[in-house]
Amino acid sequence: MALDPDTLAQFLDALDRFVKDRLIPNEALVADDDAIPPALVQEIREMGLFGMSIPEEYGGLGLTMAEEVQAAFVLGQTSPVFRSLVGTNNGIGSQGIIIDGTVEQKAKYLPSLASGDMIASFALTEPDAGSDAGSLRTTARRDGDDFILNGTKRYITNAPRADVFTVFARTNPEVKGSSGVSAFIVEAGTPGLSLGQPDKKMGQKGSHTCDVILEDVRVPAANIIGGPARENQGFKTAMKVLDRGRLHISAVCVGAAERLIRDALAYAMERRQFGEPIAEKQLIQAMLADSRTEAFAARCMIEETARRKDAGVNVSTDAACCKMYASEMVGRVADRAVQIHGGAGYMAEYAVERFYRDVRLFRIYEGTTQIQQVLIARNMIRDAAAA
């Protein structure tokens with residue numbers, strides 16, 4: 001374990017208090033203003049949340065996977081917007097560099113990512129390329145010791161405030177699919193890099209996405225993650241960090257589900273119909289019980305898979321199972337929570353209305369449910385053929 005049990009318990013207790021005392025009370029404000037107040041961002045920095053998974057030697061907390069999911073269970077109990085702010089710094093924005101980055105890249109970027117002084121953004125999706133990485137069209141043309149990048153990225157989280165982008169571009173146009181793609185570190189302010197207008201989204205107000213436009217952006221070959229030796233290896237780097245990302249998102253889904261269950265139960269115990277609290281009605285109890293059971297099942301799946309990952313076991317299939325089940329589960333829990341609230345659940349003054357919209361995204365990003373199904377089945381077939 002990166003932290004001894006007492007230190008981990010103290011961190012999780014402090015995080016729980018921070019979520020309850022500072023984040024939950026500001027959820028409505030963030031949604032209404034479509035922005036996290038700068039003072040609150042600073043408090044998030046001071047909690048060390050930007051560097052949860054970054055090694056201690058670079059200023060992070062260095063949490064193991066098992067420890068990180070425990071933190072995500074807690075952080076998930078408030079608006080997903082807060083987690084989204086720190087997510088890329090802990091995920092592909094840092095993990096690719098941690099795993100495959102050069103010594104110079106680690107020293108230059110990881111301390112700033114861990115402190116939150118630098119916000120990372122992950123630029124993969126394009127107008128015609130998302131789950132289908134093979135259709136990626138952004139190009140990177142070699143020009144001496146540099147590459148010239150051209151293309152447009154879409155729905156890029158944190159792009160409006162990002163200081164550094166991980167940009168995927170095709171460095172070998174003769175190779176179809178993802179094998180001819182490299183991952184570049186591109187700093188904001190680089191000539192030719194511009195941003196589109198912030199997207200208007202169904203939910204997660206306060207978490208901003210927009211297009212990232214690259215027009216003859218000159219980037220040194222040394223900015224390929226891992227350096228020039230890892231040209232055309234960008235997706236291999238991404239694949240190495242996917243398991244961690246899927247488990248992290250799965251844990252956030254569980255946290256959101258547990259918050260929704262708590263809110264629905266409190267409302268059901270308070271709301272009276274036909275002379276008694278609706279919590280006494282068996283059909284309401286059935287919805288509460290189903291939600292509690294599904295959230296508990298997801299929590300157990302994630303904790304076990306995280307432990308096995310820390311032990312060095314290949315958990316790619318199980319991590320995909322966790323992401324698929326947990327993201328679908330929280331959608332069902334949110335639907336039941338709105339139903340239990342009745343007409344009140346459709347009103348913006350209740351948090352369940354916002355969460356109902358916010359959690360819908362979990363089934364789409366970090367790999368859609370359908371992509372997880374394909375991945376799980378392909379791995380099953382491959383393993384059976386090799387047996």
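How exposed is K281, by relative accessible area? K281 is partly exposed, at 25%. This is a predicted model. The structure holds 26 salt bridges and three cavities of 30 Å³ or more.

**Salt bridge E276–K281**
- The side chains of E276 and K281 form a salt bridge, with N and O 2.7 Å apart.
- E276 is partly exposed, with 28% relative accessibility.
- K281 is partly exposed as well, at 25%, because the class covers values between the 20% limit for buried and the 50% limit for exposed.

- R299 pairs with E258 in a salt bridge, and their closest N and O atoms lie 3.0 Å apart.
- R299 belongs to helix 9 (residues 282–310) and E258 to helix 8 (residues 234–270), so this pair ties together parts 41 residues apart in sequence.
- R336 and E294 form another salt bridge, with 2.6 Å between the closest N and O atoms.
- This pair links distant parts of the chain, with R336 in helix 10 (residues 316–341) and E294 in helix 9, 42 residues apart.
- R336 and E294 are both buried.

**Salt-bridge network**
- A network of salt bridges links E27, R259, D263 and R354.

**Cavities**
- The largest cavity has a volume of about 50 Å³.
- Its lining consists of I36, V81, L85, N158, R161, G206, S207 and H208.
- By class, three lining residues of the largest cavity are nonpolar, four are polar and one is charged.

Technical notes. Residues numbered from 1 in each chain as written. Predicted model: local features only at pLDDT ≥ 70, side-chain atom pairs only at ≥ 80, totals over all residues. Heavy atoms only, no water. 1 Å grid on protein atoms, 1.4 Å probe; cavity = no way out; pocket = protein on both sides within 12 Å on 5 of 7 lines; lining within 4 Å. Points joined across faces, edges and corners; volume = space filled by probe spheres on them. Nonpolar A, V, L, I, M, F, W, Y, C, P; charged D, E, K, R; others polar. Salt bridge = Lys/Arg side-chain N within 4 Å of Asp/Glu carboxyl O. Helix = DSSP H or I, 4+ residues; strand = E, 2+ residues; numbered from the N terminus. Buried < 20%, exposed > 50% of the residue type's maximum accessible area, 1.4 Å probe, protein only.
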